[in-house]
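Here is a short tour of one protein model, written for someone who likes to know the cut-offs behind the words. Have the sequence and the coordinates open as you read.

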Amino acid sequence: MSSSHGVFAVVETQLSNFGLTPLRAAHELGFRTVLVSNEPDRYRVVSVAEEIFAKHVDDVIVTDTNSVDAVAAALQPFHAEGHLRGVMTVTDYNLPIVAEVATRFGLPGLSPQAALNCRDKLLMRRACHAAGVAVPGFHQATSEDSALAAADRFGYPCVVKPMTESASIGVTLCRTPAEVLAAYRDISSRPTDFRGQPRRPGALVEEYLIGYEVSVESVLVDGERRVLGVTDKALGPHPAFVEMGDTFPSMLSAPVRKQCADLACQALEAVGHDFGAAHVEVKVTADGPRIVEVNGRMAGAEITQLIREATGVYLQRECVRLHTGQPADLTFTRDRAAASRYLAARRSGTLAGIGGVDLARRVPGVIEVDLEVHPGDQVRPADSNLDLLGYVVAVGDTTGDAVRRAESALGQLTPRYADEESRDD
């Protein structure tokens, strides 16, 4: 495998097809690619994993990826040889760790403090609030009484969430004091997060923002922030906040898109975001846009694919270039639209299969139908993005075309359950 450009390391990533694409992009650019993980087999559940591991991963290093020292020690031999060109992650859990490692080795990357501010929702809220950037009311509750007091202050319904999780894990809309207590107790009883890192004590209680959600995708290049566009986001039913689909570019009016983009840029300045891609989630309310999340990395799920289909910008490749000290090319070469929609289980049970896949692929404009589950898997209605069963992606000349095609394709898919199959017999 070609390694003429040196070594590029990805330190953990998202549990999705997208999560493995930076390895493909780096390998296509001629780098020797290294995946650093404390459990690399976790990624083999991803549908494209076998292809990526076989064709685009040159080395896998198993180490404690929750430790800066351990990751630095794992990559030190490449650095000592003068071959290490870049280190990157696209999962929030490892953002501060990778920032520290990049700083130690003198490689391009986010500053450690900016990475921490993006990683920790409490630090992000504090930084934005101090800079006058519009955010919901928030309070770090470290006791049941303080959680209830904050809920009373913000009013019901309110949102209770962990401060250092991703993929909407543990984010709950609470309509009563009993629900606040239940959410607080669940979050505060878990000392570590989804990737085994220590959680900040307590839970974040926030004002509930009534409105619709978008995200703003941008890249900082040569000191200038380039906004690639605004993504319309579709969320599932409460009390969870599961992402059920994305559409790029947004169908909103130009003034609303500009308000969201301007606010996102202000938030990024507030948290000190000083390198590379960013994904900022915004709620548009009756009082204007408000910041939901500030993520110091490119968007997850299928948003980067939507951007590529709509604009021609291969964001994963351009981010690899930035992380290896090369200029990024963000030139739009297409003027189209793309949409993704996600499949969720209607009830808990043992999956027998997904019906209608061939029908979904026959919908005009559909370019991908991907399933992340297999017969025999236990499924349940989605509480977080991790519970989703698969997705469809469709393209069109307009945003409306792409949305209608994606929704039509999703409508063809039907989860089948083992107990239903046995009844049919």
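Strand S1 pairs with strand S4 (residues 84-88) in the parallel sense over four bridges, where two strands pair if DSSP finds at least two bridges between them. Helices (H or I, at least four residues) and strands (E, at least two) are DSSP runs, numbered from the N terminus. Within this pairing, Val-10 stands opposite Met-88 in S4. S1 also pairs in the parallel sense with strand S2 (residues 32-37), over five bridges, and there Thr-33 in S2 is the bridge partner of Phe-8.

This is a predicted model: local features need pLDDT of at least 70 and side-chain atom pairs count only at pLDDT 80 or more, while totals for chains, interfaces and linings use all residues. Residues are numbered from 1 along each chain as its sequence is written, and side-chain values use heavy atoms, with hydrogens and water left out.

Is S1 (residues 7-11) enclosed or open? Five of its five residues are buried, so S1 is largely enclosed by the rest of the structure. Here buried means under 20% relative accessible area, exposed over 50%, and partly exposed in between (1.4 Å probe, protein chains only). In a regular strand, side chains alternate between the two faces of the sheet. For S1 both faces are covered, with Val-7, Ala-9 and Val-11 buried on one side and Phe-8 and Val-10 buried on the other.

Now for the whole chain. The secondary structure comes to 14 helices and 19 strands. The C-alpha trace spans about 60 × 55 × 45 Å along its principal axes, and 56% of the 425 residues count as buried. Taking a contact as heavy atoms within 4.5 Å, residues 24 or more positions apart account for 70% of the contacts with a separation of 6 or more.

A search of the whole structure finds 31 salt bridges, each a side-chain nitrogen of Lys or Arg within 4 Å of a carboxyl oxygen of Asp or Glu. Three of them are set out here:

| Pair | N to O distance | Location |
|---|---|---|
| Glu-293 and Lys-121 | 3.8 Å | strand S13 (residues 288-295) and helix H6 (residues 121-130) |
| Arg-185 and Glu-144 | 2.8 Å | helix H8 (residues 177-188) and helix H7 (residues 144-154) |
| Glu-318 and Arg-321 | 2.9 Å | both in helix H11 (residues 315-323) |

Glu-293 and Lys-121 lie in a strand and a helix, so the pair ties together parts 172 residues apart in sequence. Both Glu-293 and Lys-121 are buried. Arg-185 and Glu-144 are 41 residues apart; Arg-185 is partly exposed at 42% relative accessible area, and Glu-144 is partly exposed at 32%. Glu-318 and Arg-321 are three residues apart, about one turn of the helix. Glu-318 is buried at 1%, whereas Arg-321 counts as partly exposed at 21%. Elsewhere, Glu-12, Glu-39, Arg-42 and Arg-195 are linked in a network of salt bridges.
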